[in-house]
Amino acid sequence: MRRKTHHQHNTERFFTHIHVEDRYNVELTLYPEDKAHYIFKSSITRQRHRARNCPRIRKILRQEYPELTLEAEIERLEDHIDPFELYRILLQPLADVKQNPAWHPEGDALYHSLQVFELARDHRPWDEEFILAALLHDVGKAIDPYDHVTAGLSALEGAMSPRMAFFIAHHMDAPGLSRRISGPPRPATT
(Lines give C-alpha, C1' and ligand atoms only; values in the text may rest on other atoms or scores of the structure.)
Protein backbone atom coordinates (compact mmCIF):
# COMPACT_ATOMS: atom_id res chain seq x y z
CA MET A 1 0.00 0.00 0.00
CA ARG A 2 1.32 3.43 -0.90
CA ARG A 3 -0.05 6.83 -0.14
CA LYS A 4 0.76 9.40 -2.81
CA THR A 5 0.34 13.14 -2.81
CA HIS A 6 -0.63 14.81 -6.08
CA HIS A 7 -0.45 18.56 -6.70
CA GLN A 8 -2.55 20.05 -9.47
CA HIS A 9 -4.10 23.49 -9.90
CA ASN A 10 -2.85 24.61 -6.45
CA THR A 11 -4.67 21.69 -4.85
CA GLU A 12 -3.08 18.89 -2.87
CA ARG A 13 -4.79 15.49 -3.07
CA PHE A 14 -3.94 12.23 -1.36
CA PHE A 15 -4.48 8.86 -2.98
CA THR A 16 -4.01 5.38 -1.58
CA HIS A 17 -2.65 2.80 -4.02
CA ILE A 18 -3.01 -0.85 -3.07
CA HIS A 19 -0.92 -3.43 -4.91
CA VAL A 20 -2.19 -7.00 -4.62
CA GLU A 21 0.53 -9.36 -5.73
CA ASP A 22 -0.22 -12.46 -3.69
CA ARG A 23 -2.10 -14.33 -6.43
CA TYR A 24 -3.39 -11.58 -8.69
CA ASN A 25 -1.40 -8.71 -10.13
CA VAL A 26 -3.83 -5.91 -9.31
CA GLU A 27 -3.44 -2.25 -8.41
CA LEU A 28 -6.34 -0.41 -6.84
CA THR A 29 -6.47 3.31 -6.17
CA LEU A 30 -8.82 4.39 -3.42
CA TYR A 31 -10.43 7.82 -3.76
CA PRO A 32 -12.19 9.83 -1.08
CA GLU A 33 -15.93 9.23 -1.04
CA ASP A 34 -16.67 12.79 -2.15
CA LYS A 35 -14.61 12.15 -5.31
CA ALA A 36 -16.24 8.81 -6.17
CA HIS A 37 -17.80 10.14 -9.39
CA TYR A 38 -14.99 12.48 -10.41
CA ILE A 39 -13.08 11.34 -13.51
CA PHE A 40 -9.34 11.52 -12.88
CA LYS A 41 -6.62 11.32 -15.51
CA SER A 42 -3.51 9.25 -15.08
CA SER A 43 -0.48 11.37 -14.23
CA ILE A 44 1.57 9.01 -16.41
CA THR A 45 -0.57 8.33 -19.51
CA ARG A 46 -2.90 11.36 -19.24
CA GLN A 47 -5.73 8.92 -20.03
CA ARG A 48 -8.92 8.82 -17.99
CA HIS A 49 -8.98 6.29 -15.17
CA ARG A 50 -11.72 3.74 -15.48
CA ALA A 51 -13.58 4.00 -12.20
CA ARG A 52 -14.98 0.80 -10.82
CA ASN A 53 -17.22 0.24 -7.88
CA CYS A 54 -17.24 -2.92 -5.78
CA PRO A 55 -19.99 -4.77 -7.73
CA ARG A 56 -18.22 -4.01 -11.00
CA ILE A 57 -14.86 -5.17 -9.65
CA ARG A 58 -16.50 -8.40 -8.45
CA LYS A 59 -17.93 -8.95 -11.93
CA ILE A 60 -14.54 -8.41 -13.61
CA LEU A 61 -12.84 -10.75 -11.15
CA ARG A 62 -15.47 -13.44 -11.74
CA GLN A 63 -14.93 -13.14 -15.51
CA GLU A 64 -11.13 -13.29 -15.21
CA TYR A 65 -11.05 -15.94 -12.47
CA PRO A 66 -14.26 -18.03 -12.63
CA GLU A 67 -12.96 -20.42 -9.95
CA LEU A 68 -12.53 -17.53 -7.51
CA THR A 69 -14.81 -17.32 -4.49
CA LEU A 70 -14.32 -13.81 -3.16
CA GLU A 71 -15.57 -14.57 0.33
CA ALA A 72 -13.20 -17.56 0.64
CA GLU A 73 -10.32 -15.47 -0.74
CA ILE A 74 -10.95 -12.69 1.80
CA GLU A 75 -11.09 -15.27 4.58
CA ARG A 76 -7.85 -16.85 3.34
CA LEU A 77 -6.08 -13.49 3.37
CA GLU A 78 -7.38 -12.66 6.83
CA ASP A 79 -6.32 -16.03 8.23
CA HIS A 80 -2.91 -16.21 6.53
CA ILE A 81 -1.30 -12.86 7.11
CA ASP A 82 2.43 -12.85 6.42
CA PRO A 83 3.64 -10.42 9.08
CA PHE A 84 6.91 -9.66 7.29
CA GLU A 85 5.07 -8.80 4.07
CA LEU A 86 2.78 -6.54 6.08
CA TYR A 87 5.81 -4.90 7.70
CA ARG A 88 7.34 -4.25 4.26
CA ILE A 89 4.08 -2.79 2.95
CA LEU A 90 3.78 -0.48 5.96
CA LEU A 91 7.44 0.58 5.94
CA GLN A 92 7.75 1.49 2.23
CA PRO A 93 5.55 4.63 2.34
CA LEU A 94 7.70 6.05 5.16
CA ALA A 95 10.30 7.00 2.54
CA ASP A 96 7.89 9.75 1.44
CA VAL A 97 7.21 11.02 4.97
CA LYS A 98 9.48 13.99 5.61
CA GLN A 99 10.13 14.78 9.25
CA ASN A 100 10.79 17.96 11.19
CA PRO A 101 14.56 18.54 10.91
CA ALA A 102 14.66 19.98 14.44
CA TRP A 103 13.77 16.53 15.84
CA HIS A 104 14.85 14.29 12.95
CA PRO A 105 17.76 15.70 10.96
CA GLU A 106 18.07 12.35 9.18
CA GLY A 107 15.15 13.32 6.91
CA ASP A 108 12.45 10.81 6.13
CA ALA A 109 10.63 8.47 8.50
CA LEU A 110 11.95 5.30 6.80
CA TYR A 111 15.58 6.29 7.31
CA HIS A 112 14.76 7.18 10.93
CA SER A 113 13.02 3.81 11.47
CA LEU A 114 16.01 1.94 10.04
CA GLN A 115 18.36 3.89 12.35
CA VAL A 116 16.25 3.01 15.40
CA PHE A 117 16.12 -0.62 14.23
CA GLU A 118 19.91 -0.73 13.98
CA LEU A 119 20.36 0.79 17.45
CA ALA A 120 17.89 -1.70 18.94
CA ARG A 121 19.61 -4.60 17.19
CA ASP A 122 23.00 -3.46 18.51
CA HIS A 123 21.64 -3.02 22.04
CA ARG A 124 19.52 -6.20 22.36
CA PRO A 125 20.34 -8.56 19.45
CA TRP A 126 18.51 -11.48 21.10
CA ASP A 127 15.22 -9.62 21.61
CA GLU A 128 13.15 -10.02 18.41
CA GLU A 129 10.07 -8.26 19.80
CA PHE A 130 12.10 -5.25 20.89
CA ILE A 131 13.90 -5.05 17.53
CA LEU A 132 10.67 -5.36 15.50
CA ALA A 133 8.93 -2.74 17.65
CA ALA A 134 11.88 -0.41 17.06
CA LEU A 135 11.61 -0.96 13.31
CA LEU A 136 7.84 -0.51 13.20
CA HIS A 137 7.30 2.21 15.82
CA ASP A 138 6.50 4.95 13.26
CA VAL A 139 4.60 3.05 10.51
CA GLY A 140 1.49 5.02 11.41
CA LYS A 141 3.10 8.26 10.18
CA ALA A 142 2.26 7.32 6.57
CA ILE A 143 -1.33 6.58 7.55
CA ASP A 144 -2.24 9.37 9.98
CA PRO A 145 0.47 11.92 10.78
CA TYR A 146 -1.73 13.45 13.50
CA ASP A 147 -2.13 10.22 15.48
CA HIS A 148 0.57 7.92 14.15
CA VAL A 149 0.69 5.72 17.24
CA THR A 150 -2.98 4.70 17.07
CA ALA A 151 -2.81 4.34 13.27
CA GLY A 152 0.29 2.15 13.50
CA LEU A 153 -1.18 -0.08 16.19
CA SER A 154 -4.36 -0.48 14.16
CA ALA A 155 -2.45 -1.36 10.97
CA LEU A 156 -0.31 -3.91 12.83
CA GLU A 157 -3.20 -5.53 14.68
CA GLY A 158 -2.88 -9.30 14.50
CA ALA A 159 0.74 -9.10 13.31
CA MET A 160 2.49 -8.15 16.55
CA SER A 161 2.84 -9.52 20.04
CA PRO A 162 1.35 -7.71 23.06
CA ARG A 163 4.88 -6.72 24.10
CA MET A 164 5.57 -5.18 20.67
CA ALA A 165 2.26 -3.31 20.93
CA PHE A 166 3.31 -1.99 24.35
CA PHE A 167 6.65 -0.71 23.02
CA ILE A 168 5.00 0.98 20.03
CA ALA A 169 2.17 2.43 22.13
CA HIS A 170 4.65 4.00 24.55
CA HIS A 171 7.53 4.99 22.26
CA MET A 172 6.59 8.67 22.54
CA ASP A 173 7.16 8.41 26.33
CA ALA A 174 10.81 7.39 25.91
CA PRO A 175 12.41 10.89 25.79
CA GLY A 176 10.69 11.95 29.03
CA LEU A 177 11.57 8.69 30.72
CA SER A 178 15.20 9.08 29.70
CA ARG A 179 15.34 12.59 31.24
CA ARG A 180 13.78 11.34 34.51
CA ILE A 181 16.27 8.49 34.80
CA SER A 182 19.34 10.59 34.08
CA GLY A 183 18.13 13.54 36.18
CA PRO A 184 18.45 17.24 35.46
CA PRO A 185 21.48 18.51 33.57
CA ARG A 186 24.49 19.05 35.79
CA PRO A 187 26.13 22.47 35.96
CA ALA A 188 29.44 22.79 34.16
CA THR A 189 32.54 22.61 36.34
CA THR A 190 35.52 24.79 35.80
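## Val97 and its loop

Val97 sits in the loop that links α3 and α4. Helices (H or I, at least four residues) and strands (E, at least two) are DSSP runs, numbered from the N terminus. Val97 is buried, at a relative accessible area of 17%. Buried means under 20% relative accessible area, exposed means over 50%, and partly exposed lies in between (1.4 Å probe, protein chains only).

Leaving out residues up to four places away in sequence, Val97 touches Gly107, Asp108, Ala109, Lys141 and Ala142. Contact here means heavy atoms within 4.5 Å. Val97 and Tyr111 are 14 residues apart in sequence, and their C-alpha atoms are 9.9 Å apart in space.

## Model and numbering

This is a predicted model, in which local features need pLDDT of at least 70 and side-chain atom pairs count only at pLDDT 80 or more, while totals for chains, interfaces and linings use all residues. Residues are numbered from 1 along each chain as its sequence is written, and side-chain values use heavy atoms, with hydrogens and water left out.

## Overall make-up

The protein chain has eight helices and three strands. Along the sequence, the pattern is β-β-β-α-α-α-α-α-α-α-α. The chain has 190 residues, of which 25% count as buried. Among contacts with a separation of 6 or more, 40% come from residues 24 or more positions apart.

## The nonpolar core

The largest nonpolar core has 18 residues. Such a core is a set of buried Ala, Val, Leu, Ile, Met, Phe, Trp, Tyr and Cys residues joined through side-chain atoms within 4.5 Å. Tyr87, Leu94, Leu136, Val139, Leu156 and Met164 have the most contacts inside it. Two or more residues come from each of α3 (83–91), α5 (128–136) and α7 (162–169). In soluble globular proteins, nonpolar side chains tend to be buried together.

What does Leu136 touch, not counting residues up to four places away in sequence? The partners are Tyr87, Leu91, Leu156, Met164 and Ile168.

## α5 and its cover

In α5, the residues Ile131, Leu132, Ala133, Ala134, Leu135 and Leu136 are buried. The cover over the buried residues of α5 includes α3, α4 and α7.

## α5 against α7

The axes of α5 and α7 come within 9 Å and cross at roughly 40 degrees. That makes α5 oblique to α7. Axes are lines fitted to C-alpha atoms, for helices over the stretch in contact, and angles run from 0 to 180 degrees between N-to-C directions. Angles under 35 degrees count as roughly parallel, over 145 as roughly antiparallel, 65 to 115 as roughly perpendicular and the rest as oblique. The crossing of α5 and α7 is right-handed. Right-handed means the near helix is turned clockwise from the far one by less than a right angle; anticlockwise gives left-handed.

From α5, the contact uses Glu129, Phe130, Leu132, Ala133 and Leu136; from α7, it uses Arg163, Met164, Phe167 and Ile168. By class, the contact of α5 with α7 has seven nonpolar, no polar and two charged residues. Ala, Val, Leu, Ile, Met, Phe, Trp, Tyr, Cys and Pro count as nonpolar, Asp, Glu, Lys and Arg as charged, and the others, Gly among them, as polar.

## α4 against α5

Helix α4 (residues 109–123) packs on α5 at about 165 degrees, with the axes 7 Å apart. The two helices are therefore roughly antiparallel. α4 passes α5 in a right-handed crossing. Ser113, Leu114, Val116, Phe117, Ala120 and Arg121 of α4 meet Phe130, Ile131, Ala134 and Leu135 of α5. By class, this contact has eight nonpolar, one polar and one charged residues.

Beyond its neighbours within four places in sequence, Phe117 contacts Ile131, Ala134 and Leu135. Phe117 and Ala133 are 16 residues apart in sequence and 8.2 Å apart in space, C-alpha to C-alpha.
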